[in-house]
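Subject: Structure for your review

Dear colleague,

Please find the structure below, followed by an account of what was found in it. I would be grateful if you would read the two side by side.

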Amino acid sequence: MGRVIIGGSSSYVLAVKLARELKAPLLGTDIKKFPDGEKYVRIIGDLDGIDAVVIQSMYLNPDEYLIEYFLLVEALKNSGAKKVTGIIPYFAYARQDKRFNPGEPISLKTVSKLIETAGTDQLLTVDMHLHRVDDMGKIFNIPAKNLTAIPAIAHYIGKNLPLEKPLIIGPDEEAEQWARTAATHLETDYDVLEKKRLSSTEVEITTRELEVKNRDIVIIDDIISTGGTIAKTIEALKKQGAKKIVAACTHPILVDNALKKIYTAGACDVIGTTTIPSPISVVEIASTLAHALI
Ligand code: R5P
């Protein structure tokens, strides 16, 4: 049997779109919770010998979605699936990729080990928060690829948003890679600011003289979580006379009124991708995923 797609409960719509892109069947599932909170999963269909793709993003309830992912992969392997490709569009726990303080775990290592132990044969993710690790081979012992959504985001901006030769801004040095890629695709220039994280919800953006007066701006980042980074960046750019400001990210986690904060700061548009379903998930990631599987 050929390739089949299985959507976990966090990514069911994306699984439907991926199945359409690949012209592959989408298997049905029965996923529910026992009264005590434990997860139950069942994949419906003949699983013997299949080449399965399990898609499950890990936003907002990452622990629950992780357990569900492990159970889906285990069910596939136990029922004779030949190969299991895991697609984890938003990969949680990547930020704790080192022991910052004594007594902490390296959570990324723990989670990646569990994903492998469950039976994943290969893994795809998107714009993983790899700020200190430059190679997926240092995290996983299975083939693993970190795809990027930035070309798809740039394409969307170029086609849908009326901006005049926008300057692309990365809010911090880590965002340089995304700002550079977006600028290349939009045939324009880019710059990066400096960010100091004060706590998990507070950041400080350091400004310097930028050539932003009367220019349209696109701020690009991997994640919008509380919206603090983008809001502070917008405030800094507005002070220097920037015109229209669009904020774009791959993963719109959007907690704590993030969108309100960003629009209040002066954004004219905020966009993200379908790695995480949200009110701003307008850039479809399914074809980027499909291309990586062909
Ligand atoms: C951090 O290094 C990331 O690239 C993002 O800038 C960060 O996760 C955004 O978080 P928040 O929206 O809470 O400022």
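Which backbone atom does the side chain of Thr226 reach, and at what separation? The side chain of Thr226 reaches the backbone nitrogen of Gly228, at 3.2 Å.

Two remarks on the source come before the rest. This is a predicted model, in which local features need pLDDT of at least 70 and side-chain atom pairs count only at pLDDT 80 or more, while totals for chains, interfaces and linings use all residues. Residues are numbered from 1 along each chain as its sequence is written, and side-chain values use heavy atoms, with hydrogens and water left out.

Thr226

Thr226 lies in the loop between β12 (217-224) and α6 (228-239). Helices (H or I, at least four residues) and strands (E, at least two) are DSSP runs, numbered from the N terminus. With a relative accessibility of 11%, Thr226 counts as buried; buried means under 20% relative accessible area, exposed over 50%, and partly exposed in between (1.4 Å probe, protein chains only). Apart from neighbours within four places in sequence, Thr226 is in contact with Ser200, Thr201, Val255, Asp256, Ala258 and Lys261, where contact means heavy atoms within 4.5 Å.

Helix α1 comprises residues 12-22, and Leu14, Ala15, Leu18, Ala19 and Leu22 are buried in it. Seen down the axis of α1, these buried residues fall within an arc of 140°, so they line one face of the helix; the arc is that of the directions from the helix axis to the C-beta atoms. They pack against β1 (3-7), β4 (51-55), β5 (83-88) and α8 (286-293). Val13 and Arg20 are exposed, on the face of α1 turned away from its buried side. After α1 comes Lys23, with a positive phi near 50°.

In helix α5 (residues 176-186), the buried residues are Trp178, Ala179, Ala182, Ala183 and Leu186. Viewed down the axis of α5, they fall within an arc of 130°, so they line one face of the helix. Their cover includes α4 (150-160), β8 (167-170), β9 (190-192) and β12. Just after α5, Glu187 takes a positive phi of about 50°, although Glu187 is not a glycine. Glu187 belongs to the loop between α5 and β9 and, at 70% relative accessibility, counts as exposed.

Asp127 likewise has a positive phi, of about 35°, without being a glycine. Asp127 sits in the loop between β6 (122-126) and β7 (144-147) and is buried, with a relative accessible area of 5%.

The α2 and α3 pair

Two packed helices are described by the angle between their axes and the distance between the axes. For helix α2 (residues 62-78) and helix α3 (residues 107-118), the angle is about 25° and the axes are 8 Å apart. That makes α2 roughly parallel to α3. Axes are lines fitted to C-alpha atoms, for helices over the stretch in contact, and angles run from 0 to 180 degrees between N-to-C directions. Angles under 35 degrees count as roughly parallel, over 145 as roughly antiparallel, 65 to 115 as roughly perpendicular and the rest as oblique.

On the α2 side, Leu66, Tyr69, Phe70, Val73 and Glu74 meet Val111, Leu114, Ile115 and Ala118 of α3. By class, this contact has eight nonpolar, no polar and one charged residues; Ala, Val, Leu, Ile, Met, Phe, Trp, Tyr, Cys and Pro count as nonpolar, Asp, Glu, Lys and Arg as charged, and the others, Gly among them, as polar.

Ser112 is also found in α3. Ser112 is buried, with a relative accessible area of 1%, and is in contact with Ile139 and Phe140 when neighbours within four places in sequence are left aside.

Val54 is placed in strand β4 and, at 0% relative accessibility, counts as buried. Not counting residues up to four places away in sequence, Val54 touches Ile6, Tyr69, Leu72, Val73, Leu76, Val84, Thr85, Gly86 and Ile87.

Asn61 is found in the loop between β4 and α2 and counts as partly exposed, at 39% relative accessibility. Asn61 and Ser10 are 51 residues apart along the chain, and their C-alpha atoms are separated by 9.0 Å.

With kind regards

Note on methods. A polar contact is a pair of N or O atoms within 3.5 Å; within protein, one must be able to donate a hydrogen and the other to accept it, and residues adjacent in sequence count only if both atoms are side-chain atoms.
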